[in-house]
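Please look over the sequence and the model below before reading on. The text after them takes the reader through the inside of the model and then to a bond between side chains.

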Amino acid sequence: MKRRNFVKKAGVGAVSTVLLSDIVYRNLLPEGYSPLAFQEPDPFKMFHKDPEMVLLNDKPWNMEAKAHLLNDDVTPNKFMFIRNNGIIPEDIDVSTWQLKIDGESVLNEKTYSLADLKSKFKHYTYQLTLECGGNGRSEFDPPAKGNQWSIGAVSCAEWTGVRLKDVLEDVGIKDDAVYIGYHGADIHLSRNPQKEPISRGMPIAKALQDETILAFAMNGEDIPLTHGYPLRLVAGGWPASVSGKWLNGISIRNKIHDGEKMGGSSYRVPCETVAPGEKVDDADMCIIESMPVKSLITYPKSGAIIDEGKSLKIRGHAWAGELEVSEMEYSIDFGSSWKTINVQKPVNRLAWQHFSGEVNFPKKGYYEIWARATDTNGNKQPMVLPGWNPKGYLNNACHRIAVKVV
Ligand SMILES: Nc1nc2c(c(=O)[nH]1)N[C@H]1C(S)=C(S)[C@@H](COP(=O)(O)O)O[C@H]1N2
Ligand SMILES: [Mo]
């Protein structure tokens with residue numbers, strides 16, 4: 001059960017393409033010398049990702065999907081984006097893994113083993129949409145620093161675990177509790193053990209929702225290492241940065257959690273709209289909570305060519321943070337007119353919803369299909385880039401695909 005020195009062992013991924021027996025002069029290898037092919041980790045193999053995924057960064061590992069890769073109702077690991085702020089824990093032993101619950105507002109500090117959590121509390125399974133707050137960042141102008149996510153930093157997997165609220169009830173929380181903060185076992189890029197790469201959290205009300213879980217399984221199996229094995233906080237509908245991976249601690253706070261990446265411009269946007277490029281005081285920034293309404297056309301792949309007179313089936317997913325998607329529309333005339341198409345109810349709260357429809361084109365030529373979702377509060381996706389903010393969060397502009405009718 002022990003996954004030792006994961007990153008060092010990663011070179012093993014390359015061994016499957018270059019074997020020792022492939023090395024012609026292997027008898028001449030200097031003592032202790034490791035051939036380059038064995039040193040370069042192949043992130044796609046290492047993380048069991050599809051080779052069509054897009055690698056954005058290797059220190060730390062960050063990878064995103066393309067729209068057509070996200071066509072499954074439930075996102076499989078191979079198409080799930082990776083967003084790491086630090087180094088993946090290198091020595092994970094599930095038999096000694098512990099979750100410590102502490103903080104100013106805890107009644108009884110407690111530590112649970114994985115076995116305790118699994119045996120003591122009821123298990124629940126939910127499909128939960130996790131979208132990075134910075135998904136769509138690459139479109140902002142002036143550009144925002146950080147991973148240049150296109151549209152693929154979103155997933156909806158099926159997570160199984162215990163309810164955080166059941167665990168919080170077991171430890172007991174004081175009346176002055178307002179927030180929880182998470183702690184993970186990942187390592188700061190500086191390798192300074194005093195520093196956490198990220199330690200975010202959520203208000204108590206979000207922590208106590210039925211769907212906020214401490215997950216030990218994803219899509220019916222152990223959580224993949226890069227997605228938080230062996231324990232992960234999962235809170236759908238909010239920026240995925242609140243869903244702490246490699247979870248080993250939760251602090252119950254009597255103030256807004258002040259962990260790493262809770263302040264400054266991290267996961268915060270100007271409370272009031274600002275002009276592009278404007279400098280914003282920390283005091284005027286607000287923490288992102290529920291994510292905005294958004295959708296993605298996952299079929300066909302952009303660039304589809306179809307015969308004149310034929311209709312084109314399209315499909316995709318739509319989500320709306322804490323809310324539901326109430327209407328789905330598409331346009332083939334750059335947003336001048338819209339047609340409504342079918343969107344299903346979510347399988348559970350905070351799961352993305354699937355839409356599908358048939359599109360007809362009046363004649364030969366180039367078209368774009370734009371998709372637009374509306375949430376239950378009547379908010380519609382903007383056709384183009386929404387409000388600029390310093391770190392490029394919350395871009396929920398309509399997704400567009402190109403189609404040629406021949
Ligand atoms: N411990 C820990 N939890 C974390 C992160 C991290 O770097 N370390 N990244 C967060 C961010 S910013 C995002 S978008 C999601 C990404 O989840 P995924 O890599 O499983 O898709 O995990 C969140 N949880
Ligand atoms: Mo993120």
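What follows describes a cavity, the ligand, and a disulfide, in that order.

The model is predicted, and every value below is computed from it. The structure holds one cavity of 30 Å³ or more. The space in the largest cavity comes to about 260 Å³. Its lining is made up of 22 residues, and R83, R232, A240, S243 and K245 are the closest to the centre. Sorted by class, the lining of the largest cavity has ten nonpolar residues, eight polar ones and four charged ones.

The next step is to ask what the cavity holds. Ligand 1 sits in the largest cavity. More than half of the atoms of a molecule must lie within 2 Å of the grid points of a cavity for the molecule to count as sitting there. Around ligand 1 there are 18 residues, of which F81, D186, H227, R232 and K245 are the closest. The shell around the ligand divides into eight nonpolar, six polar and four charged residues.

Which atoms of K245, F81 and R83 lie beside oxygen atoms of ligand 1? For K245 it is a polar side-chain atom, 2.6 Å from an oxygen atom of the ligand. For F81 it is a polar backbone atom, with an oxygen atom of ligand 1 at 2.7 Å. R83 also has a polar backbone atom beside the ligand, and there the distance to an oxygen atom is 2.9 Å. On its own, ligand 1 has 530 Å² of accessible area, and the protein covers 100% of that area.

A search of the whole structure finds one disulfide. C271 and C286 are the residues joined, with a distance of 2.0 Å from S to S. A disulfide is a covalent bond between the sulfur atoms of two cysteines. The link of C271 and C286 is right-handed, with 105 degrees about the S-S bond.

Notes: Residues are numbered from 1 along each chain as its sequence is written. Chains are lettered from A and ligands numbered from 1 in the order in which they are written. This is a predicted model: local features need pLDDT of at least 70, side-chain atom pairs count only at pLDDT 80 or more; totals for chains, interfaces and linings use all residues. Side-chain values use heavy atoms; hydrogens and water are left out. On a 1 Å grid over the protein atoms alone, a cavity is a set of points where a 1.4 Å probe fits but cannot get out, and a pocket is an open set with protein on both sides within 12 Å along at least five of seven lines; lining residues have an atom within 4 Å of a point. Grid points are joined across faces, edges and corners, and a volume is the space filled by probe spheres set on the points. Ala, Val, Leu, Ile, Met, Phe, Trp, Tyr, Cys and Pro count as nonpolar, Asp, Glu, Lys and Arg as charged, and the others, Gly among them, as polar. A residue is near a molecule or strand if one of its heavy atoms lies within 4 Å of it. A polar contact is a pair of N or O atoms within 3.5 Å; within protein, one must be able to donate a hydrogen and the other to accept it, and residues adjacent in sequence count only if both atoms are side-chain atoms. Accessible areas come from the Shrake-Rupley method with a 1.4 Å probe; for residues, only the protein chains shown count as cover. A disulfide is a pair of cysteine sulfur atoms within 2.5 Å.
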